[in-house]
Amino acid sequence: MTPKISFRNVSKSFTLKGGDFLALDRVDLDIADREFVTVVGPSGCGKSTLMSMAAGLVEPGTGQILLDGTPVAGPGPDRGVIFQQYALFPWLTVRKNVEFGLKLQPISPQERRRRAEHAIDLVGLTDFADALPKTLSGGMKQRCAIARAYAVGPQVLLMDEPFGALDALTRVQLQDQLLDTWSRERRTVMFITHDVDEAVYLANRVVVMAARPGRVHRVIDVDLPYPRTEEVRLSPEFARIRNEVWHSVYHQAAAA
Ligand SMILES: Nc1ncnc2c1ncn2[C@@H]1O[C@H](COP(=O)(O)OP(=O)(O)O)[C@@H](O)[C@H]1O
Ligand SMILES: [Mg+2]
């Protein structure tokens with residue numbers, strides 16, 4: 001079966017004062033349809049660059065990024081992108097923020113409203129649909145950003161440390177909510193994090209990257225059942241996989 005997203009021998013250099021700097025070196029990675037893949041690795045190993053290339057925001061230097069077998073030529077409604085910063089319009093309500101993402105779609109205002117409501121419901125913000133962002137907690141703002149991405153109906157969600165700015169408890173709640181949403185409306189997810197627990201808890205597979213140059217170091221399967229629960233999080237198998245990921249991130253960071 002054709003992978004949903006395919007990185008084929010992708011390299012990327014940036015020009016710095018002293019010359020060229022190799023940020024990504026020959027990355028090969030396939031992400032299957034409906035897979036939940038997390039990406040971890042030391043700061044500066046090229047995680048955001050890799051994701052931005054899948055989003056069509058950054059071009060690869062050499063190599064190819066394929067979406068359903070077709071080269072990515074730019075951003076598109078088939079991919080929803082969520083960054084650590086919530087990037088909501090402060091003067092618009094939750095509902096209007098979510099509807100905004102649908103403005104470019106050829107649908108009626110009624111249909112726009114219906115889709116926005118469904119997405120808001122999925123992330124559990126129905127009671128706050130008419131609230132302005134400044135009245136919401138960080139976690140709620142991020143849920144609003146997720147709803148906005150979802151409303152467009154993308155087949156792929158690209159998430160770059162989306163929960164990085166949140167406190168530990170909110171983070172765990174949003175992880176569970178994201179998995180709940182994903183189990184109901186399966187999308188392909190590429191989720192970047194620097195939190196090893198988060199990487200293992202969410203994923204079917206964890207991609208561990210290495211730095212200087214940025215590259216795929218290891219890919220670790222997470223053979224844990226969904227739904228992921230507190231019981232799964234506390235299981236010996238979870239601890240085993242978590243340690244494996246941690247070692248693989250830590251040892252190569254220590255070696256650098
Ligand atoms: N537009 C750019 N110009 C120059 N260097 C960049 C640019 N974008 C990223 N880099 C460099 O490429 C490397 C990888 O960056 P990034 O993808 O943001 O890493 P990560 O997300 O893993 O922390 C870093 O050393 C960063 O400084
Ligand atoms: Mg980054």
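Me: Which residue in strand 7 does Val81 stand opposite?
Reply: Val81 stands opposite Leu158 in strand 7, where strands are DSSP runs (E, at least two residues) and helices are DSSP runs (H or I, at least four residues), both numbered from the N terminus. This is a predicted model, in which local features need pLDDT of at least 70 and side-chain atom pairs count only at pLDDT 80 or more, while totals for chains, interfaces and linings use all residues. Residues are numbered from 1 along each chain as its sequence is written, and chains are lettered from A and ligands numbered from 1 in the order in which they are written.

Me: In what sense do strand 6 and strand 7 pair, and over how many bridges?
Reply: Strand 6 and strand 7 (residues 156-160) pair in the parallel sense over four bridges, and two strands pair if DSSP finds at least two bridges between them.

Me: What's the strand order in the sheet?
Reply: Six strands form an open sheet in the order 6-7-8-3-9-10, with mixed pairing. Strand 6 (79-82) and strand 10 (215-221) stand at the edges with a single partner strand each, so one side of each has no neighbour in the sheet. From one strand to the next, the twist averages 15°.

Me: Which helix lies across strand 6 and strand 7?
Reply: That is helix 4 (residues 138-151), which runs at about 170° to strand 6; axes are lines fitted to C-alpha atoms, for helices over the stretch in contact, and angles run from 0 to 180 degrees between N-to-C directions. Two residues are in contact if their C-beta atoms, placed from the backbone, lie within 7 Å.

Me: Switching topic, what are the domains?
Reply: The domain assignment, which is an automatic or database one, gives domain 1 (5-78 + 155-255) and domain 2 (89-153). The C-alpha centres of the two domains lie 25 Å apart, and the contact takes 11 residues from domain 1 and nine residues from domain 2.

Me: Which element gives the largest share on the domain 1 side?
Reply: Helix 5 (residues 168-184) does, with five residues on the side of domain 1 that touches domain 2.

Me: And the whole chain, how many helices and strands?
Reply: The chain has eight helices and 10 strands, and its C-alpha atoms fill a box of roughly 55 × 45 × 40 Å, taken along the principal axes.
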